[in-house]
Structures are given as structure tokens and as C-alpha cells.
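Good morning, colleagues. Please look at the sequence and structure as they come up.

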Amino acid sequence: MHKSTSGSLGPSGLDLTQAFFKPISGAASPSSTKRHTKISVIGAGNVGMAIAQTILTQDLADELVLVDAKPEKLRGEMLDLQHAAAFLPRTKIIADVDYAVTHGSDLCIVTAGARQIPGESRLNLLHRNVALFRNVIPPLAKYSPDTILLIVSNPVDILTYVAWKLSGFPSNRVVGSGTNLDSSRFRFLIADHLDVNAQDVQAYIVGEHGDSSVALWSSISVGGVPVLSFLDKQEIAYEKETLESIHKVVIDSAYEVISLKGYTSWAIGYSVAALAWSILRDQRKIHPVSVLAKGFYGVDGGDVFLSLPAQLGRGGVLGVTNVHLTDEETQRLRDSANTILEQLSQLGL
Ligand SMILES: NC(=O)C1=CN([C@@H]2O[C@H](COP(=O)(O)OP(=O)(O)OC[C@H]3O[C@@H](n4cnc5c(N)ncnc54)[C@H](O)[C@@H]3O)[C@@H](O)[C@H]2O)C=CC1
Ligand SMILES: CC(=O)C(=O)O
């Protein structure tokens with residue numbers, strides 16, 4: 001299934017690379033001038049392919065690997081992406097059902113697994129996807145012992161914990177896409193409400209990527225101005241219920257999109273590509289992502305992964321930001337942690 005996009009021997013045995021290209025003697029080989037970046041995406045479904053195509057447009061990887069359990073679908077997706085080569089930054093795209101193809105990856109993004117049917121909660125996928133992770137994570141850890149694992153499959157917080165356990169990696173190298181997506185939905189809705197640009201809205205949803213997520217209203221700002229005083233200054237009336245209803249729309253967003261088109265894909269594609277960029281380009285940007293939360297913000301009930309504003313760079317999770325939380329927000333975060341811990345206690349890992 002491998003298809004190299006680099007030069008090769010033609011049918012006559014002629015080295016086509018030599019025929020079309022005369023190397024300049026003494027020129028440095030690419031490997032000695034630039035670090036080779038390899039990203040593997042596990043699961044070539046709606047989400048995996050949205051992530052793969054967004055990464056390709058960003059010129060982030062020298063090599064992009066796709067792995068899936070369905071060989072025909074996998075080869076079809078690989079060829080379809082390769083056929084866009086003339087319009088994209090140069091990236092070698094390969095695909096295989098065998099995890100050996102992922103060896104030496106800098107980043108492994110896991111999207112394989114069951115997805116929700118309309119009305120189904122993320123937590124309902126737990127047992128099916130934990131079983132699947134037992135086949136996915138060990139080979140990834142074996143072929144890329146120094147990689148960073150970025151988990152997307154749902155329920156993402158619990159599966160990030162499972163990936164941490166199954167890989168044996170230090171917690172800074174296991175991260176879940178978490179509420180980076182929820183926070184983008186939140187920023188979009190606030191921007192829409194205030195008629196400003198979503199990129200000027202700083203706002204975090206933290207906790208579970210799911211029904212118990214927590215909106216951090218007290219720390220939201222627009223263009224550096226705290227949002228509650230911004231609303232006051234613009235004489236925009238607001239009520240606690242209005243703010244709560246915006247958060248409720250965030251929670252319902254995935255259910256709504258799934259009921260309309262069957263799955264979510266574009267926003268998670270951009271969300272994960274942004275995380276990959278921050279990690280591999282060592283951007284040290286802060287993203288609300290699923291990290292080992294024990295000891296932060298009063299989360300102390302046990303080892304649990306949930307989203308907190310964390311700094312991402314080439315070493316993975318570099319730290320957790322100390323955002324001020326009100327007592328109510330802290331309590332909601334603890335409740336969210338307990339929701340996840342309850343599910344974890346059933347796994348026996
Ligand atoms: N964390 C987040 O924000 C989001 C998470 N998701 C989750 O991502 C996951 C994937 O969703 P979709 O791509 O829509 O589903 P999909 O059904 O389109 O794709 C899943 C893919 O996984 C593959 N697969 C199954 N078992 C495998 C194995 N053992 N090894 C390799 N590949 C395997 C399937 O063949 C399929 O191609 C779901 O769990 C979904 O809930 C989806 C959207 C957002
Ligand atoms: C499916 C999912 O987790 C989401 O779109 O938020």
C-alpha cells in the first residue's frame with residue numbers, strides 16, 4: 001500500500017531522479033538542513049480526513065501517514081489526497097493497515113472508533129472505544145516511543161486517560177483535543193452575540209468535552225476588555241440566563257450537527273490542526289485541552305484527564321495556566337471531574 005512520492009526507478013531501470021535533476025555537488029541533503037516532521041492519523045473516517053486535509057494545507061508535515069482498519073477506504077482516501085499534490089505544499093502521503101508504517105512519528109493523532117448516532121451521548125461510546133484502544137495505542141507506542149499522542153476519539157477525556165495508561169508515556173506526551181473545539185464554538189457564539197471577530201474573543205470552556213463542561217464567564221475578554229464590563233460599556237443588556245443559554249448552545253452543538261449531517265468534522269479538523277501546529281512548531285500557545293488535571297484547580301479525586309488552559313509546545317503539555325476561577329466555576333469543574341472519575345472507576349485500568 002505504500003506509495004512513495006519521491007523519485008524512483010522508471011520501467012527501464014533508469015533512475016528518473018538522475019535523469020531530471022542534476023545534484024549540485026556539495027549541496028547539503030535535506031535531512032541535514034531541516035528536521036523531518038512526521039504525523040500519523042489513526043482512523044481515516046470523517047474526523048481523521050478533516051484533520052489530515054487541514055494539516056496538508058498548513059505545510060506542517062513532511063510526511064503524513066494514514067492508518068485505518070478498512071484497507072479499501074484507506075487506499076481511496078490516500079489516493080484522493082495524493083491527487084491534490086499540485087495544489088498543496090509538498091508532503092509525502094502514505095497509508096497502511098499495518099502500524100509499522102507509523103514508525104518514528106513526531107505526533108500520532110487518534111480518531112479511530114465508534115461515533116455517536118443522533119441523540120447518543122459521548123460517554124455511551126466508552127466500552128466500544130476502550131476495547132479498540134487496546135489494539136491501537138500499544139503499537140503506536142511501540143513504533144514511536146518518543147511521539148506525542150493527541151487523542152480525539154470519544155469520550156475524549158476518558159480515552160486520553162486510557163491512552164496514557166496503555167502507552168506508559170509521561171503525561172506531558174499524552175493530550176486530548178478536549179474543549180478546544182467547545183471553546184471555539186463558545187467564541188463563535190459570543191462573537192456573534194456581540195458582533196465582533198471570534199479571534200478577538202478570549203474565552204474558555206473547561207472540564208469534560210461533553211455535557212458537564214464548564215464555561216469560564218468570569219475570565220472572558222474581548223480585545224483585552226473583560227466581557228462583563230464590555231457588555232456594560234456597550235450598554236448591551238445581559239442576564240445570567242442569557243450567558244447560560246450560550247453555554248447550553250455550545251453543549252448542544254455536536255448533538256445538533258450530528259442530527260443534521262450525521263457527524264461533526266470541519267470544526268474538529270481545524271481545532272486539531274491548530275493543536276498540531278502549536279505542538280510541532282513549538283508555539284507555546286495556550287489551548288483548553290485534556291491534560292492530567294490532578295492537583296490543578298482543586299481537582300484532587302484521583303488521576304483524571306479533563307480540559308484546562310494548557311501551554312503546548314514541542315515537549316507536548318508544557319504547563320497549566322493559572323486562570324482565576326470564581327468559587328462557582330471551581331465547584332462546577334470539580335463536579336465535571338467527578339463525572340469523568342465515576343466512568344473511569346468502571347474501567348478497572
Ligand atoms: N473530540 C472531539 O471533539 C470529537 C471527537 N469525535 C470522535 O471521533 C471519532 C471518529 O469519528 P468519525 O471520524 O466521525 O467516525 P467514522 O466512523 O467516520 O471513522 C472512524 C474510523 O475509525 C476506523 N477504525 C475503526 N477501528 C479501527 C482500528 N482498530 N484501527 C484503525 N482504524 C479503525 C473506521 O474504519 C473508520 O474509518 C468518534 O469517536 C467521534 O465521536 C468526533 C468529532 C469531534
Ligand atoms: C462529536 C463531538 O465530540 C463534537 O463535535 O463535539
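The centres of domain 1 and domain 2, taken over C-alpha atoms, are separated by 23 Å. The bounds are 35-176 for domain 1 and 179-347 for domain 2; such bounds come from an automatic or database domain assignment.

Before I continue, two remarks on conventions. This is a predicted model, in which local features need pLDDT of at least 70 and side-chain atom pairs count only at pLDDT 80 or more, while totals for chains, interfaces and linings use all residues. Residues are numbered from 1 along each chain as its sequence is written, and chains are lettered from A and ligands numbered from 1 in the order in which they are written.

How many residues of domain 1 are in contact with domain 2? There are 37 residues of domain 1 in contact with 35 residues of domain 2, where contact requires C-beta atoms, placed from the backbone, within 7 Å. On the domain 1 side, α3, β4, α5, β5, α6 (156-167) and β6 (174-176) each supply at least two residues. Helices (H or I, at least four residues) and strands (E, at least two) are DSSP runs, numbered from the N terminus. The largest share of that side, seven residues, is given by α3. By class, the side of domain 1 that touches domain 2 holds 20 nonpolar, twelve polar and five charged residues. Here Ala, Val, Leu, Ile, Met, Phe, Trp, Tyr, Cys and Pro count as nonpolar, Asp, Glu, Lys and Arg as charged, and the others, Gly among them, as polar.

I turn to the core. The largest nonpolar core has 95 residues, and I55, I109, V110, L149, L150, A163 and A276 touch the most other members. Such a core is a set of buried Ala, Val, Leu, Ile, Met, Phe, Trp, Tyr and Cys residues joined through C-beta atoms within 7 Å. A residue is buried if 20 or more other C-beta atoms lie within 10 Å of its own, exposed if 12 or fewer, and partly exposed in between, with C-beta atoms placed from the backbone. Why does this core lie between domain 1 and domain 2? It does so because both domains give residues to it.

Take I109 as an example: leaving aside residues up to four places away in sequence, I109 touches I39, V41, I42, I51, L150, V152, V272 and A276. Strand β4 (residues 107-110) pairs with β5 in the parallel sense over four bridges; two strands pair if DSSP finds at least two bridges between them. C108 stands opposite L149 in β5. Within β5 (residues 148-151), I148 and L150 point one way, L149 and I151 point the other way, and all are buried.

**The ligands**

Around ligand 1 there are 32 residues, the closest being G43, G45, V47, A112 and N154; a residue is near a molecule if its C-beta atom, placed from the backbone, lies within 6 Å of it. This shell draws at least three residues from each of domain 1 and domain 2. Helices α3 (46-57) and α5 (126-143) each supply at least two of its residues, and the largest share, four residues, comes from α5. The shell around ligand 1 divides into 15 nonpolar, 14 polar and three charged residues.

Which residues surround ligand 2? They are R122, N154, L181, A254, T264 and I268. That shell contains three nonpolar, two polar and one charged residue.

Strand β12 (residues 285-292) and β13 pair in the antiparallel sense over eight bridges, with L292 opposite F305 in β13. Strand β13 (residues 305-313) is mostly covered, seven of its nine residues being buried. On to β14 (residues 316-320): four bridges join it to β13, and the two run antiparallel. β13 and β14 form a hairpin with two residues between them, and G313 has G316 as its bridge partner in β14.

Finally, an open sheet is formed by three strands in the order β7-β10-β11, with antiparallel pairing. Its edge strands, β7 (201-202) and β11 (225-226), each pair on one side only. Two bridges join β10 (residues 221-222) to β11, and V222 stands opposite V225 in β11.

Methods
Two residues are in contact if their C-beta atoms, placed from the backbone, lie within 7 Å.
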